[in-house]
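Dear colleague,

Please find below the structure that I am handing over to you, together with its sequence.

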Amino acid sequence: MKVYFDNSATTRVDPQVLEAMLPFFRERYGNASSLHQFGKEAYAAVQAARERVADAMGAHKDEIIFTSGGTESDNIAIQGFAYANREKGNHIITSTIEHHAVLHTCQFLESQGFRVTYLPVNEDGLVSVTALEEAMDRDTILVTIIAANNEIGTLQPVRKIGEIARESGAAFHTDAVQAFTKMPLNVDNDNIDVLSISAHKFHGPKGVGALYVRNGLRIRPLMYGGGHEKGLRSSTENVSGIVGMGKAVDIAIETMGNDVETMKSLRDEVIDGVLNGVTGSHLNGHREKRLCNNAHFRFDFIDGESLVLELDEAGIAASTGSACSTKSRDPSHVLTAIGLKPEFARGSLRVSLSRMSTSEETDYFLKEIPGAVGKLRSISPLTSWE
Ligand SMILES: *Cc1c(COP(=O)(O)O)cnc(C)c1O
């Protein structure tokens, strides 16, 4: 059996998405800026996708900028906003559990003279609203907090954070790459000014994303060129990718209610099954305020990477946490931020489901996991961390 439980890293492209994209490679290959029929067709397809993305978050279609993915959206949002609004203030507030696309961008801005506050989180990964209120000052121009964490799945109180930012006249950006289509998001109700998404996290193609920018906000582009996407993102539109993202949004939004409930119940089976079936196992992140598709564990006295490889032998694809931190031996900054000592952070496993996941797959995983953990513990017979 082959089981793919690494959907927070990337997802399978929905076959209907692929079908929707193919004509834009084959026959309808025009440049969306061209005046002829080919160009008009491409332009219409891009605009239709823009409307779908906008509708899905309660935005206007002229507030959507297409980008190359979540990383670029985060960079335009944060760097672009910071540079365009520097005369208003130089203070940015973020959290210690952001994706690297946000964290490293903020660190770069510090090197450029901006002041950045990294809000701590509690043991569940929740940002304190009081700490945010205290950190806001007259120089604060931007608050950027991840909506749903990509490692431990914790959901932040987005609406409240946006409200606090707005009261002080700061803008609120959220990296919603994991959250989008996994929970209701509405830029007006949730007080969001700028929001990042990425198609490959919801069964669309890789290399295409979007940025919502509230009308009237000033953002400076990071690249100069032909002035596409309201001048914020020059370069010929990735028409097939954009069409694919539009289709992926359509499918996701149409079935979201049911899918979220199904993922939640599978997630809970995985969480309860592991906690009851494997001694020395613990859940990371908040038990309720978590992504519908995320289960993140730590197991005493084993190495998470070894566990990932052991599960891979059984045909199960999972992860230790973020795809980026697995290449380095440093413990994840998210697990450190929730207060785990490095040795405890090391034994972690992330199981991330999708709407394509089934109970046969979770049953198989729950059958395999106790043996995999037991085997690793018997190979390296630690009864405590050294
Ligand atoms: C995957 C991810 C990103 C990066 O998106 P790309 O499209 O891969 O650049 C950013 N933020 C979060 C929370 C993510 O999960």
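In which loop is I152 found? I152 is found in the loop between β5 and α7 (158-167), where helices (H or I, at least four residues) and strands (E, at least two) are DSSP runs numbered from the N terminus.

Before the remaining findings, two remarks on the basis of the work are in order. This is a predicted model, in which local features need pLDDT of at least 70 and side-chain atom pairs count only at pLDDT 80 or more, while totals for chains, interfaces and linings use all residues. Residues are numbered from 1 along each chain as its sequence is written, and side-chain values use heavy atoms, with hydrogens and water left out.

Individual positions

I152 counts as buried, at 0% relative accessibility; here buried means under 20% relative accessible area, exposed over 50%, and partly exposed in between, with a 1.4 Å probe and protein chains only. From C-alpha to C-alpha, I152 and I192 are 23 Å apart in space and 40 residues apart in sequence. I93 has its place in strand β3 (residues 91-95) and is likewise buried, with a relative accessible area of 0%. Between I93 and L142 there are 49 residues in sequence and 6.4 Å in space, C-alpha to C-alpha. Y83 is found in helix α4 (residues 70-84) and counts as buried at 18% relative accessibility. The C-alpha atoms of Y83 and D188 are separated by 25 Å, and these residues are 105 apart along the chain.

Two strands are taken to pair if DSSP finds at least two bridges between them. Strand β5 (residues 140-144) is joined to β6 by three bridges, and the two run parallel; V143 has F172 in β6 as its bridge partner. Strand β6 (residues 171-175) is in turn joined to β7 by three bridges, again in parallel, and T174 stands opposite L195 in β7. Between β7 and strand β8 (residues 209-213) there are five bridges, and these two run antiparallel. The bridge partner of S198 in β8 is G209.

In a regular strand the side chains alternate between the two faces of the sheet. In β6, A171, H173 and D175 point one way and F172 and T174 the other way, and all are buried. Strand β6 is thus mostly covered, five of its five residues being buried. Why is strand β7 (residues 194-198) largely enclosed by the rest of the structure? The reason is that five of the five residues of β7 are buried. Both of its faces are covered, with V194, S196 and S198 on one side and L195 and I197 on the other.

Aromatic pairs

Rings of Phe, Tyr and Trp (its six-membered ring) are counted as a pair if their centres lie within 6.5 Å; planes under 30 degrees apart count as stacked, over 60 as edge-to-face and the rest as tilted. By this rule the count comes to five aromatic pairs. One of them is formed by F180 and F202, which are edge-to-face at 5.3 Å centre to centre with 70° between the planes. This pair links distant parts of the chain, 22 residues apart: F180 lies in the loop between β6 and β7, and F202 in the loop between β7 and β8. Both F180 and F202 are buried.

Backbone angles

Most residues other than glycine have a negative phi. H203, although not a glycine, has a positive phi of about 70°. H203 has its place in the loop between β7 and β8 and is buried, with a relative accessible area of 4%. F301, also not a glycine, has a positive phi of about 65°. The place of F301 is in the loop between β10 (294-299) and α9 (304-313), and F301 is partly exposed, with a relative accessible area of 22%.

Cavities

The structure holds three cavities of 30 Å³ or more. On a 1 Å grid over the protein atoms alone, a cavity is a set of points where a 1.4 Å probe fits but cannot get out, and lining residues have an atom within 4 Å of a point. Grid points are joined across faces, edges and corners, and a volume is the space filled by probe spheres set on the points. The second largest cavity has a volume of about 120 Å³. Its lining comprises 14 residues, of which T181, K182, H203, M263 and R355 lie nearest the centre.

Yours sincerely

Technical notes
1 Å grid on protein atoms, 1.4 Å probe; cavity = no way out; pocket = protein on both sides within 12 Å on 5 of 7 lines; lining within 4 Å.
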